Amino acid sequence: MIRIALADDHKLFAKGIEGLLEEEESFEVVGLFINGQALLDFLEENTVDVVLTDLNMPVLDGFGVLK
């Protein structure tokens, strides 16, 4: 199972991507976050295989997450 965390401040877009990913039985979306800081907080105690992040988000953007 490939564990995926998804960060995007556009809820409709994020839910759509989540739905598409979960149609594949080898993918599991383990977290859906509205900003990069929420994603980093999650990653402090959890591991994932893939992070999909928007580059333009409030609080902490995708560039900040990648650093």
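Colleague: What makes L12, F13 and L20 of α1 exposed residues, and which face of α1 carries them?
Modeller: In this predicted model, where local features need pLDDT of at least 70, side-chain atom pairs count only at pLDDT 80 or more, and totals for chains, interfaces and linings use all residues, L12, F13 and L20 are exposed and lie on the face of α1 turned away from its buried side, exposed meaning over 50% relative accessible area, buried under 20% and partly exposed in between, with a 1.4 Å probe and protein chains only. Residues are numbered from 1 along each chain as its sequence is written, and side-chain values use heavy atoms, with hydrogens and water left out.

Colleague: How do you know that the buried residues of α1 are on the same side?
Modeller: The buried residues are A14, E18 and L21. They cover an arc of only 65° around the axis, so they fall on the same side of α1, the arc being that of the directions from the helix axis to the C-beta atoms.

Colleague: What covers these buried residues of α1?
Modeller: The cover includes β1 (2–7), β2 (27–33) and β3 (50–53).

Colleague: Why are β1 and β2 called a pair?
Modeller: Two strands pair if DSSP finds at least two bridges between them, and β1 and β2 have six, in the parallel sense, with V29 in β2 as the bridge partner of I4. The chain crosses from β1 through α1 to β2 in a right-handed β-α-β crossover, that is, with the strands pointing away from the viewer, the path from the first strand over the helix to the second runs clockwise.

Colleague: How many bridges join β1 to β3?
Modeller: Four bridges join these parallel strands, and A7 stands opposite T53 in β3.

Note on methods. Helix = DSSP H or I, 4+ residues; strand = E, 2+ residues; numbered from the N terminus. Contact = heavy atoms within 4.5 Å.
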